[in-house]
Structure formats: structure tokens, C-alpha cells
Amino acid sequence: MLELRDVTAGYDRRAPVVRGVSLTVRVGEAVGLLGPSGCGKSTLARVAALLHRPDAGQVVLDGEPAAGWRHRAPRAQRTSFGVVFQQPRLSADPRLPLARLIAEPLRANGRPVDAVPELAETVGLTADLLGRRPHEVSDGQLQRACLARALALRPRWLVCDEMTAMLDASTTAALVGVVEAYRRESGAGLLAVGHDRVLLERWCDRTVGWAELTSA
Amino acid sequence: MTPPTEPTPGGTVLSVRGLCVRFEMRDGSYVRAVTDASFDLAAGECLALVGESGCGKSVLASALLGLLPANASVAGSAVLGDAGSGAGGLDLLAADERVLAREVRGRRVGLVPQSPVAHLTPVRTVRSHLDETVRALTGTSGPDGVRAAAGRAAFPEDHLDRHPHQLSGGLAQRAATALALVGDASLLLADEPTTGLDRDLVERTVDELRRHTGDHRALLLITHDLAAAGRIADRVAVMYAGRLVEITDAAAFFGAPGPRHPYARGLLNALPERDFAPVPGLPPELGALPEGCAFAPRCDRASEACATVPELTSGVACHHVAVARA
Ligand code: SF4
């Protein structure tokens, strides 16, 4: 279970974009968080994935409070999250061929990288694309690689922040299909943040609106 | 949702025939970004050009504006006729850069860009952008022209002195639309105008574009957002691997009987409000297109006949469309 307890967070302590928000993702559950852009839902997603230290409140992973943020988070906690962001070009090192990009978390954690071809296949990337750098592939192909990277360490939770906002309908359905196949097989939980109600309601077990969360 | 599609009263604004664009790569190979595209666009009409990213639809837009990189070569014609004004008959593909810069971009073709904030100069206010454009395109200057230009796109007057980064996504989009409308161009070209916008803002933006089209302009809406296209288009053109594979009435496409081309059907069915099932596989590389129908490796109806490229006949390019329709 992933719990956000009374989280306040932002980039300026005097004007936090997230105020006193609580949200729980139960084991194996898919929760959609729906809100307009700029509302603070991405900040909350970053807090949930231990990528942004909240000003107040707690993140609790299976009963254990988060013990740090970003690189200070204990490895076991940090690697229990896979995160995919909206803009693959901003979250991919432009110098790395896709195979290296997918392998990043494996290398960083001293794991063998021979899982890469299988990961690539899972997200529908063909072998000829793995040697290309980000500028040589489409947004959709790059986002597939980012999803493969997020799955590399077999996370207990996936956090998808507007993962498909830039993508066409077919690529969107394909990536959501990959996430759901992984969740079925691994039992991982999901926090999917977005602004498209139709998409989140189709994808997730339950969808909460940003307004309900913040007025509670 | 979709406006009724009666035959439009206006004349032809744009007539594209056999448009091909290819890029020569450093190793001497070619990437065929657009192959043999033909379509007409009438005054008062909105044509949505849809397809996956990398299918060539943005290249087509750049070709119409003469904004292709130096390694591109173009064939075919794209004749811009100014219905009623007698100024028509300019082939955009044959025009030189001077004509395009002085007479076409902004004046006869208005561009609503993909990323309005990136399109505007960060250090200048909206007023200064509008002022410059009004002066350049209409020869007049002064606050009235700027106010009128802002008003046309419902850009609030009290935000005119803001810089692009101080605007919300919606207002930045309106500022860009205001700029595109200044020259009173007969063709509006909107290239992914709603990328990254929230759904209600997407709807507002495309509704405004539709409104600006009125009955004397034509709108070419290039988008990967099928819901946005379905909201305002009169006709839909589906592009796959650089070719138009279906071009049809929007009401028939989004309603009954639905798309006829297998790819178009797959794309529409991928929507979360429909089957939410992807078209299997990946689009082919434009530099290494398969022989015959480029969709064949992903098509469940492919047969031997598909080893030759299907012609676009009565709005669809598929050897088995009668089967596909059954
Ligand atoms: S021509 Fe053949 S392969 Fe191409 S879409 Fe039609 S049935 Fe499928």
C-alpha cells in the first residue's frame, strides 16, 4: 500500500501548490488523479515517487515511512518506483541510444543489463530502434523506451504523470496496455496523473479529482 | 458534435495535387515523408489531417508554407486560389522564398503554431508582437489595429503588455491565433494547435478556430487528437506512412458507417471511449517503406494483392475495402 498522508509541497514554502493532501493506492490498485494542468498534481506525483521532498506530511510504503528523497532515499524504497513523465525528450539523455537509456536503472543498481532486449520487446520496440539516439526516433517510440526504463527494476508502484498527453490514440492504448499487462503479472499499484477524464476512467480502478482531494 | 456537412458555398481555396516531399539523408538515401497527396479545400471548410506522429502530416504543412529544410525536394502542386478576390492561382510549391515571405505567409496563409509560447519571442510583449505584425501586414499602425487584432481572437486587452511566459496556455494560444488572423488569410493552417492542452482548453481552442474559419476561410487542422478533429472537421484525411489512405466526410467517419480503411478504423478504435485497443506493431520507417501497401505488416486483412500500392479511389486506398466494410 502506498499512502500519502497530509502532504504539503511545492517550490516555494510560502505558496505550496499541494496543501494537506492525502491519497492511498492499495495493493495492486490503479488510481487516476484527474486535474487541470498547473494544479499541483504533478508535484504530488513526484512526492509519491520520492522525487520531491514535501514541506510537511508523510509518504508511507507498505507501512514504512519514506526515509529520504531523491538520491537520499534508501535504495530499496527508491527502486520500488517506476516513473514515466509527459515529455520523453526532457527525461531522456539525448546522447544515449535507446538500449542504454532502458538499461540506466539496471546499471545504476549494478544489475545485469541482459534484460534489455526483453524489456524492449515488452514495450513494442523493435531491435533496429535500440541503437538509435532520442532525436532519431519519434515521441511515441521514445516514450516506449522511457516506459521500458521505468519497468526495468520491476517496481512495486508505477507513477505515470501525463504519460500519453503528447501521443496519438494508438500509441496511448499501446502504452496503457503495457502498463496493465505488467500490473497483472506483478501485482504492482499505479498512480496515473492526467487531465483526460475519459482516458483515466477507462484505465484506472478509481479516479479522484484534484478538487475533491484538496477540499477534503 | 460534428457540424452538418453541407456542400460549402465557397470556391476552392487550396488545391493540392500529387504532393511529394522527400529528404535526402547524409548517406545518400531518401526518406519519403509525403507521397502523392491530393486534396481540395473549399472556403468555409475545415479539413482535419490526422495520423500518428511521424506519419508526414507536419511535413505536408511545412511544404505548404515553404518551410522545409534544405535537404528536402518537393514535387506536385499546391495551388492557392483566393475565392472571389481574383488574386488566385499561386502554386505554393513553385513560388520562391521572396514571394512566400512577402505575399504568402501571414497574408494568404495564416499559421497557428504547435507551441505558441515557443513561437512568440520571449522578451517582447504580446502588444509588441501584434503591433509589428499589424504594421507589416496591413500597413497601418497604432493602438486601434492592435486592439482589433487582439479582439478578433478574444485576447483580453488588459493582458496585452504581458510577456509570453506570463500567459496561461490558453491565452498564449489566443495570442498566436490573433497573430495568425491579422493578415486575413484565406487559408488557416493549424499544426497540432492543442498539444499538451487540457481537454476543455482543447475544445475551446478548436471551437475558436472553427469560428474564425467562418464561411470565407478554409482551415487545415493537422492533429493527432481525433476527438478534437471530430469536434470541428467537415472532412477528415488520414495519413499513414506519408500517404493519404482515406479522405472522407467527418460525420461518416466519426459516426456511421465509420472509417473504411483498416488503419483508420484501428486508429479510431484505439480511443479510450471506443475499444482502447492499439493498432498492433509500429509504423514503418519513412526511409525504409515496405513494398506495396505500407500498412500490410500491421493489417489483418493483408493478402497477396497488397504487395502493390493501393490507389486512392473514392476516398480510400485499400485493396480490400469492400471486405473491410462488411
Ligand atoms: S491494401 Fe491490404 S494491407 Fe493495405 S490496408 Fe488494405 S487490406 Fe490492409
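1. The model is predicted, so local features need pLDDT of at least 70 and side-chain atom pairs pLDDT 80 or more, while totals for chains, interfaces and linings use all residues. Residues are numbered from 1 along each chain as its sequence is written.

2. Start with helix H3 (residues 98-108) and helix H5 (residues 139-151), both of chain A. Helices are DSSP runs of H or I with at least four residues, and strands are runs of E with at least two. The two axes come within 8 Å and cross at roughly 25°. Axes are lines fitted to C-alpha atoms, with angles from 0 to 180 degrees between N-to-C directions. H3(A) and H5(A) are therefore roughly parallel (angles under 35 degrees). Their crossing is right-handed (the near helix is turned clockwise from the far one by less than a right angle).

3. Which residues of H3(A) meet H5(A)? They are Leu98(A), Leu101(A), Ile102(A), Glu104(A) and Pro105(A). Contact means heavy atoms within 4.5 Å. Among their partners in H5(A) are Leu142(A) and Arg149(A). The contact has 8 nonpolar, no polar and 2 charged residues.

4. Now the second largest pocket. Its volume is about 870 Å³. A pocket is an open set of points on a 1 Å grid, for a 1.4 Å probe, with protein on both sides within 12 Å along at least five of seven lines; lining residues have an atom within 4 Å of a point.

5. This pocket is lined by 47 residues, with Asp196(A), Arg199(B), Asp225(B), Ala227(B) and Glu273(B) nearest its centre. H7(A) gives the most, with 5 residues. The lining divides into 23 nonpolar, 12 polar and 12 charged residues.

Notes. Chains are lettered from A and ligands numbered from 1 in the order in which they are written. Side-chain values use heavy atoms; hydrogens and water are left out. Angles under 35 degrees count as roughly parallel, over 145 as roughly antiparallel, 65 to 115 as roughly perpendicular and the rest as oblique. Ala, Val, Leu, Ile, Met, Phe, Trp, Tyr, Cys and Pro count as nonpolar, Asp, Glu, Lys and Arg as charged, and the others, Gly among them, as polar. Grid points are joined across faces, edges and corners, and a volume is the space filled by probe spheres set on the points.
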